[in-house]
Amino acid sequence: MDPGNNTGISKFHLLGLSEEPELQPLIFGLFLSMYLLTVFGNLLIILTISSDSHLHTPMYLFLSKLSFIDICFTSTTVPKMLWNIQTHSKVINYAGFLSQMYFFILFAGVDIFLLTVMAYDRFVAICHPLHYMVIMNPQLCGLLVLVSWIMSILNSLLQTLTVLRLSFCTEVKISHFFCELNQMIQLACSDTFLNTMVMYFAALLLAGALLAGVLYSYSKRVSSTICGISSAQGKYTAFSTCASHLSIVSLFYCTSLGVYLSSAAPQSSHSSAVASVMYTVVTPMLNPFIYSLRNKDTKRALMRFSGMAVLKGPIVQGLKCP
């Protein structure tokens, strides 16, 4: 392959998770099912929280924001993959490649910040319950969400602008189902030292620091809650709740950081693509169940919302009858 300037690149080839023709229907059905479950599950959480006044609290405000970001995050990659399988086309043009990369990094960043903000919210609620409403006031909640978006936009813009300076070969084949940043850096034909340093710096500064904050928050929650509960059943319930939340956070952080930080070491592109599925598709799909269905308030709100939706149809139909 001959190196060429990136302005001469018209398209890239996303090879996906497998090039075996007989596996394409299975991959299409699996990812379509997970995508629909992610969209409908998170959308149900958003509608339930917005329709129930009892859930208009900081905790559920952040949860609704996380659900919206999870829908956007998954929608940057999976629909394009499904379209490529359905049309038997693996092509994405240069503009599409840059757009997908920008929005993927953006929503991934907001997702990481919101997970950290939610961990801080629970830390205040458990360790400082008497001052919770004073600390987590609407101004602070809005500021936390705003800072999450600003920091993520700046990081995504920086990463995308550094990719613009790269030159690629005339024929670019990506062993992945979307344009992941570390994959594109590895495929560049020009010097990638600056891009690699920027990627590592952002991963360590943002994801690493935020992960440390999440772990500290959970450690304080466990020590404050579990150690203060006398019954064995109460300790088990508290521990299982914290463990389930922490397992999802760990899955997202460990797989995403592992994919990016291992880019300097020789590895299989296919294994990297499979690992990316865990934080791009599986985690957003599981978030509604982990953060909502294990919560009694949310389950009651879901039942009320479902009952309203069921009753609304006959009532509207009755009003329309002559």
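Predicted model: local features only at pLDDT ≥ 70, side-chain atom pairs only at ≥ 80, totals over all residues.
Student: What is the volume of the second largest pocket?

Tutor: The second largest pocket has a volume of about 230 Å³.

Student: How many residues line it, and which lie nearest its centre?

Tutor: The second largest pocket has 17 lining residues, and L15, Q24, N84, I85 and K90 lie nearest its centre. Helix 1 (24–51) and helix 3 (78–87) are the elements that give two or more residues to this lining.

Student: Which helix gives the largest share?

Tutor: Helix 3 does, with 3 residues.

Student: How does the lining divide into nonpolar, polar and charged?

Tutor: The lining of the second largest pocket has 8 nonpolar, 7 polar and 2 charged residues.

Student: Switching to F28. Where does it lie?

Tutor: F28 lies in helix 1.

Student: Why is F28 called partly exposed and not buried?

Tutor: F28 has a relative accessible area of 22%, and buried means under 20%, so F28 counts as partly exposed.

Student: What is F28 in contact with, leaving aside neighbours within four places in sequence?

Tutor: F28 is in contact with L82, I85 and Q86. F28 and I85 are 57 residues apart along the chain, with their C-alpha atoms separated by 6.8 Å.

Student: New topic, helix 4 and helix 6. At what angle do their axes cross?

Tutor: The axes of helix 4 (residues 94–127) and helix 6 (residues 138–164) cross at roughly 150 degrees and come within 8 Å.

Student: Is that crossing left-handed or right-handed?

Tutor: The crossing of helix 4 and helix 6 is right-handed. The residues of this contact divide into 18 nonpolar, 7 polar and no charged.

Conventions: Residues numbered from 1 in each chain as written. Heavy atoms only, no water. 1 Å grid on protein atoms, 1.4 Å probe; cavity = no way out; pocket = protein on both sides within 12 Å on 5 of 7 lines; lining within 4 Å. Points joined across faces, edges and corners; volume = space filled by probe spheres on them. Helix = DSSP H or I, 4+ residues; strand = E, 2+ residues; numbered from the N terminus. Nonpolar A, V, L, I, M, F, W, Y, C, P; charged D, E, K, R; others polar. Buried < 20%, exposed > 50% of the residue type's maximum accessible area, 1.4 Å probe, protein only. Contact = heavy atoms within 4.5 Å. Axes fitted to C-alpha atoms, helices over the stretch in contact; angles between N-to-C directions. Left-handed = near helix turned anticlockwise from the far one by under 90°.
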